[in-house]
Amino acid sequence: MKESGTSLMMRVMGIESSCDECSAAVVQDGATLLGQTVASQIAVHAPYGGVVPELASRDHIRSIVSVVDDTLRQAGLSLSDIDGFGVTAGPGLIGSLLVGVQMAKSLAWCLKKPLVAVNHLHAHLHAIFLEREVAYPHLGLVVSGGHTSTFRVDGLGKIRPIGQTLDDAAGEAFDKVAKLLGLGYPGGVAIEKASQGGDCNAIRFPRPLPGRNPNFSFSGLKTAVAVWVRNNGLPGKEQIADFAASFQEAVVDSLVKKTITAARKERLRRIVVSGGVAANRRLRDKMLRHAGQYEIETHFPSISLCTDNAAMVATLASELLRAGRNDGLDLDANAGLGWHPA
Ligand code: KG4
Ligand code: ZN
């Protein structure tokens, strides 16, 4: 990473391809979204009940050029109007990441414009700034198909991990349980829908790692579901709502309790929640209510900004470029969770 002291970035294009969404967006002055395209791969992965890495990267290769073109068209701009590029360089699926990174590098090279690498989790944490300012410091929770992690966020790039899942991510647990129940993919959406009108106390599923342990764990919960199904058979039509609501409640309780405990321990008065699972209505309601009891504010971006999108990449890239970050054309992708831009 070089320090370039870049002046105010007017229009920044963000590119996101870390998992199964191929997305590009243009943001003006850091926070005004001029255009965005999100090409979902749900139909590609649905038959498998989860993301197949090889299929994901191949689909990104097919989509990325038209995703960039459609975004520019929506924004009423041409490539020469873009002042800088930001791209998710990790963590994520390596084959998928490489497609976005190579596209961003090619564009930056051809147009002689600055390029900045963005950490996917930091981009999720920054998505809220497209809608409102949230004062620092705050507690960030990123909860998606690949991640369940809490962070202390003290400012731009000042992000310290607090807790993370020791096994499955919360979204992964939703996806695997939905697959087991034959509810379809993505599992979180399917389980939330199936839970409508159900009794969330009908079945008591475990809430692992109780107490002050800052980490999360969902594999025991997944096993408890499998054991229940082995003993009782798949829940029938009359039972599915109770079953889905009870499972959802176990996930939500873990997320709410651990996040609020971490915020209180760090003496933080604000929580920001993002990632695909943050679209869950029960999580939104329960986090707001429980955090409110401790006078902690909770902020959720709109649902379209919770799931993977390039607007969150573009807004964070704008701030990083403005702060003088400028990565070279030797930029590489990094699949690992611990990856942090230099
Ligand atoms: O952030 P995201 O789009 O991609 C990753 O980075 O993983 O999150 C996708 C995950 C999937 O596991 C999906 O089942 C979950 O988010 N999800 C939900 C809901 N909508 C999506 N989980 C619970 N409730 C939802 N409404
Ligand atoms: Zn994500």
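1. The structure is a predicted model. The chain contains 11 helices and 12 strands. Its C-alpha trace spans about 60 × 45 × 30 Å along the principal axes.

2. **Overall packing.** A compact globule of 342 residues would have a radius of gyration near 20 Å. The chain has 20 Å, so the two agree. Of the 342 residues, 54% count as buried.

3. **Surface and charge.** The chain exposes about 14,200 Å². Carbon and sulfur atoms supply 53% of that area. There are 35 positive and 33 negative side chains. The centres of these two sets lie 5 Å apart.

4. **Helix 5.** This helix covers residues 170-181. It has 12 residues and reaches 17 Å from its first C-alpha to its last, close to the 16 Å expected at 1.5 Å a residue. Its buried residues are Ala-170, Gly-171, Ala-173, Phe-174, Asp-175, Val-177, Ala-178 and Leu-181. In an α-helix, residues three or four places apart point the same way, because there are 3.6 residues a turn.

5. **What covers helix 5.** Which elements do the buried residues of helix 5 pack against? There are two strands, strand 7 (138-143) and strand 8 (148-155). There are also three helices: helix 6 (187-194), helix 7 (219-232) and helix 8 (240-265). Just after helix 5 comes Gly-182, with a positive phi of about 70 degrees.

6. **Thr-259 in helix 8.** Thr-259 is part of helix 8. It counts as buried because its relative accessibility is 0%, under the 20% cut-off. Setting aside residues up to four places away in sequence, Thr-259 touches Leu-139, Leu-141, Thr-150, Phe-216, Ile-271 and Met-287.

7. **Ser-254 in helix 8.** Ser-254 also belongs to helix 8. Is it buried or exposed? At 7% relative accessibility, Ser-254 counts as buried. Again leaving out residues up to four places away, Ser-254 touches Arg-207, Pro-208, Phe-216 and Phe-218. Phe-216 is therefore a contact of both Thr-259 and Ser-254, within the 4.5 Å limit for heavy atoms.

8. **Helix 9.** Helix 9 runs over residues 281-293. Its 13 residues should span 18 Å at 1.5 Å a residue. Its end C-alpha atoms are 19 Å apart, which agrees. Leu-283, Arg-284, Lys-286, Met-287 and Ala-291 are buried in helix 9. These buried residues pack against strand 7, helix 8, strand 10 (270-274), strand 11 (297-299) and helix 10 (303-306). Met-287 is one of the residues that Thr-259 touches.

9. **Two cis peptide bonds.** Where are they? The bond from Gly-90 to Pro-91 is cis, with omega near -15 degrees. Pro-91 sits in the loop between strand 5 (84-90) and helix 3 (94-111). The bond from Tyr-136 to Pro-137 is cis as well, with omega near -5 degrees. Pro-137 is in the loop between helix 4 (120-126) and strand 7.

10. **Lys-112.** Lys-112 is not a glycine, yet it has a positive phi of about 55 degrees. It lies in the loop between helix 3 and strand 6 (115-119). Lys-112 has a relative accessible area of 64%, so it is exposed.

11. **Glu-295.** Glu-295 likewise has a positive phi of about 55 degrees although it is not a glycine. Its place is the loop between helix 9 and strand 11. With a relative accessible area of 66%, Glu-295 is exposed.

12. **Ala-317 in helix 11.** Ala-317 is found in helix 11 (residues 311-322). Its relative accessible area is 0%, so Ala-317 is buried. Which residues does Ala-317 contact, leaving aside neighbours within four places in sequence? They are Val-12, Gly-86, Val-116 and Val-118. Gly-86 falls in strand 5 (84-90), and Val-116 and Val-118 fall in strand 6 (115-119). Ala-317 and Phe-205 are 112 residues apart along the chain, and their C-alpha atoms are separated by 41 Å.

Note on methods: Residues are numbered from 1 along each chain as its sequence is written. Chains are lettered from A and ligands numbered from 1 in the order in which they are written. This is a predicted model: local features need pLDDT of at least 70, side-chain atom pairs count only at pLDDT 80 or more; totals for chains, interfaces and linings use all residues. Side-chain values use heavy atoms; hydrogens and water are left out. Helices (H or I, at least four residues) and strands (E, at least two) are DSSP runs, numbered from the N terminus. The radius of gyration is taken over C-alpha atoms; the globule rule is 2.2 Å times the number of residues to the power 0.38. Buried means under 20% relative accessible area, exposed over 50%, partly exposed in between (1.4 Å probe, protein chains only). Accessible areas come from the Shrake-Rupley method with a 1.4 Å probe; for residues, only the protein chains shown count as cover. Lys and Arg count as positive and Asp and Glu as negative; His and the chain ends are not counted. The place of a charge is taken as NZ of Lys, CZ of Arg, CG of Asp or CD of Glu. The expected span of a helix is 1.5 Å times one less than its number of residues.
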